[in-house]
Amino acid sequence: MTLEGTTIIGVRKDGQTVIAGDGQVTQNQQVIMKGNAKKVRRVYNNSVILGFAGSVADAFMLSERFEEMLNKYSGNLMRAAVELAMLWRGDRNLRQLEALMIVADKKDMFIVSGSGEVIEPEHGVCAIGSGGNYALAAGRALIEHTDMTAEQVAREAMKIASDICIFTNSNIVVEVA
């Protein structure tokens, strides 16, 4: 049984940082198993937000490891992200995990992957998951051509992605750093 599908977007604009995600979990590209999964959450005393795409169990394990790194490095987001990426890539068991994460605080935002990538987005927008490219394109256009806030951009980009991607729904969870 393959469970897949989600869209997560991170937006930074005018000093505000937002991560938004949908709630759909799809089985075998045929059946919506759940429509209200929460894939965006707060960690480290509510000062860091993260959103994940991929296997839910894998993402929860990585979220726990990331929170351990935040505690170890006193909330330093970049250091925690780099250390998690190094651990993820270097550990034989963790290397098998299939997920991506967007992590952010008031100052920084990164995509973290199991191949050791820690990517700071260009243009204040990043997105992951099955509808990630749709949300990214919409977010970049909205940032560049409107006066919308970061939260408004994230919500509208997610709405656009949910209208296009069959693995993304309009049950949107938004967290503001």
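This is a short chat about the fold of one chain, seen in a predicted model.

Q: How many helices and strands are in the chain?
A: The predicted model has 4 helices and 12 strands.

Q: What box do the C-alpha atoms fill?
A: Roughly 40 × 40 × 25 Å, taken along the principal axes.

Q: What radius of gyration would a compact globule have with 177 residues, and what does the chain have?
A: A compact globule would be near 16 Å. The chain has 15 Å, which agrees.

Q: How much of the chain counts as buried?
A: Of the 177 residues, 49%.

Q: What share of the contacts joins residues 24 or more positions apart?
A: Such pairs make up 60% of the contacts with a separation of 6 or more.

Q: Let's look at helix α1. What span should it have?
A: Helix α1 covers residues 56-72, which is 17 residues. At 1.5 Å a residue, the helix should span 24 Å. Its end C-alpha atoms are 24 Å apart, so the two agree.

Q: Which residues of α1 are buried?
A: D58, A59, L62, S63, F66, M69 and L70. Seen down the axis of α1, the buried residues fall within an arc of 135 degrees, so they line one face of the helix.

Q: Why do residues three or four places apart point the same way in an α-helix?
A: Because an α-helix has 3.6 residues a turn.

Q: What is on the face of α1 turned away from the buried side?
A: That face carries the exposed residues A57, E64, N71 and K72.

Q: What covers the buried residues of α1?
A: The cover includes strands β6 (40-43), β7 (48-54) and β8 (99-104), along with helix α2 (77-90).

Q: Now the largest nonpolar core. Which of its residues touch the most other members?
A: F66, L70 and V103, out of 23 residues in that core. The elements giving two or more residues to this core are β7, α1, α2, β8 and β9. Helix α2 gives the most, with 6 residues.

Q: What is L70 in contact with, leaving aside its neighbours within four places in sequence?
A: V43, Y44, V48, G75, N76, L77 and A80.

Q: How far does α3 reach?
A: Helix α3 covers residues 132-145 and reaches 20 Å from its first C-alpha to its last. That is close to the 20 Å expected for its 14 residues.

Q: Last one. Where is D108 found, and is D108 buried or exposed?
A: D108 is in the loop between β8 and β9 (109-113). With a relative accessible area of 14%, D108 is buried, because the cut-off for buried is under 20%. Beyond neighbours within four places in sequence, D108 is in contact with R12, L77, V103 and E120.

Technical notes. Residues are numbered from 1 along each chain as its sequence is written. This is a predicted model: local features need pLDDT of at least 70, side-chain atom pairs count only at pLDDT 80 or more; totals for chains, interfaces and linings use all residues. Side-chain values use heavy atoms; hydrogens and water are left out. The expected span of a helix is 1.5 Å times one less than its number of residues. Buried means under 20% relative accessible area, exposed over 50%, partly exposed in between (1.4 Å probe, protein chains only). The arc is that of the directions from the helix axis to the C-beta atoms. Contact means heavy atoms within 4.5 Å. A nonpolar core is a set of buried Ala, Val, Leu, Ile, Met, Phe, Trp, Tyr and Cys residues joined through side-chain atoms within 4.5 Å. The radius of gyration is taken over C-alpha atoms; the globule rule is 2.2 Å times the number of residues to the power 0.38.
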